[in-house]
Amino acid sequence: MNLKRIFARRRYMHFDEPVSPRAARAFATNSESVVKWSFLPLLNWVLCANRIKRHQDGNLKPKQKDRPICYAAHKDAAIYAYYGAMLTENYEQELQRLGLAESVTAFRPGSGKCNIDFAAEAFDWIRDHPNCLALAFDIEAFFDNLDHQILKHQWARIIRQDRLPPDHYAVYRSLTRFAYVDRLEALKALGISPHNVRSGNRRRLCDPETFRLKIRGGGLIRQNSNSFGIPQGSPMSAVLSNIYMLYFDAALAAKVNALGGFYRRYCDDMLCVVDPAAQPDIEAFVANEIQKVKLKLQAEKTGRHLFTLTRNRLTADRPLKYLGFTFDGQRVLLRNAAISKYYSRMRAGITLAVQTMMRKNRIRVAHGETPSHLKRRKLHILYTYLGRHNFPAYVYRATSIFNEPAIKRQIRRHPAKLACGIEAAIRRQAPTAPGSRSPRSAQ
């Protein structure tokens, strides 16, 4: 257990102040303190993803997917991180005992692999076992529908107890009967700009008295009154979701392996690759087992992809979409949605950088100083091959792992797109702004 990483200082803004690693460790590892602790409400915000879906009529239609994300106060997060680490150790031991170490891939940083590696393993298996059927299943609203009683039973089982000890139960209750506050509503009630939360050297959103008056007194606190659902985004949510699905994974892996197939689960995405003749049996088995854990499959997202080998050429009736990649039997490519998301973030980053430059230049001019040019280096580090931890770096790594040059070619124009985007954003803000260059020079 890496205590230094678990209790690393968290610097985000919440209802309490950041705590030192030493204080966080002393508090979270004291089971008596945890039992008596009153957890603060989580801060909630909604991550919106705009997507384009092709409907059955062939037309492209926009679709927005909202994903609520919650994050805990600093001391609460320290508790969740510590108990999550303890559960992870027990969970990993149980995976080894059940022979599931390769079957469950998400939220296991100790594996040293990422989704590129997991997708490569699946595609390689299909190449080695042609004339197969890939069945892709998706669980509906995964975190929102985890049953509390099943979770409590699995939690106790993973720590080899008949029932949860008092400290574990206190943590369990805080994550099932969780309270939360909408972040934007809280900032509005406290008179804090969402664009500059740290103004005035602020270390916390408010003091306890203001919290009672404006947050609790303002009726902003909501509570999960359902018998299902845990917050997505807490330091424990990931390992709890895996623990919840542990014996489902064991049952399905045993079923698929008995048929000589391949089973993997990455969070709410499941992939079974079997002989085509086993399709009815596997689909019926998955439907039955998922009901046992009180979850539902998204029927419209169930993918059936038949791979056949003809004249030494592997082809698919429909390309398999898995973990951000598509595989048609011959080539592996990035999904178009991932590329669109990257360029959308690039445009947003360019707009923010230019607006920031214009705002600072107005201040400089007001003080009689010369306007400055746009700082382009950061944009290049964020959005081009010059950066080490960005989307192009991810693409180049995928190109290497899959040995597929076509992946890199999918974003071959990204430096030019960045340059043109910068010029366009500058022209929109001010045609004669410093930092602009002609489109020809930007190339």
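Helix H11 (residues 246-258) lies across E6 and E7 and runs at about 155° to E6. Contact here means heavy atoms within 4.5 Å; axes are lines fitted to C-alpha atoms, for helices over the stretch in contact, with angles from 0 to 180 degrees between N-to-C directions. Helices (H or I, at least four residues) and strands (E, at least two) are DSSP runs numbered from the N terminus.

The model is predicted: local features need pLDDT of at least 70, side-chain atom pairs count only at pLDDT 80 or more, and totals for chains, interfaces and linings use all residues. Residues are numbered from 1 along each chain as its sequence is written, and side-chain values use heavy atoms, with hydrogens and water left out.

E6 and strand E7 (residues 269-274) pair in the antiparallel sense over five bridges; pairing requires at least two DSSP bridges between two strands. Arg265 has Met270 in E7 as its bridge partner. The open sheet has five strands in the order E6-E7-E3-E8-E9, with antiparallel pairing. Strand E6 (262-266) and strand E9 (313-316) are at the edges, each with a single partner strand, so one side of each lacks a neighbour in the sheet. The twist averages 15° from one strand to the next.

| Residue | Phi | Relative accessibility |
|---|---|---|
| Arg160 | near 60° | 52%, exposed |
| Leu323 | about 55° | 13%, buried |

Buried means under 20% relative accessible area, exposed over 50%, and partly exposed in between (1.4 Å probe, protein chains only). Arg160 lies in the loop between helix H6 (148-158) and helix H7 (166-176), and Leu323 in the loop between strand E10 (320-322) and strand E11 (325-327).
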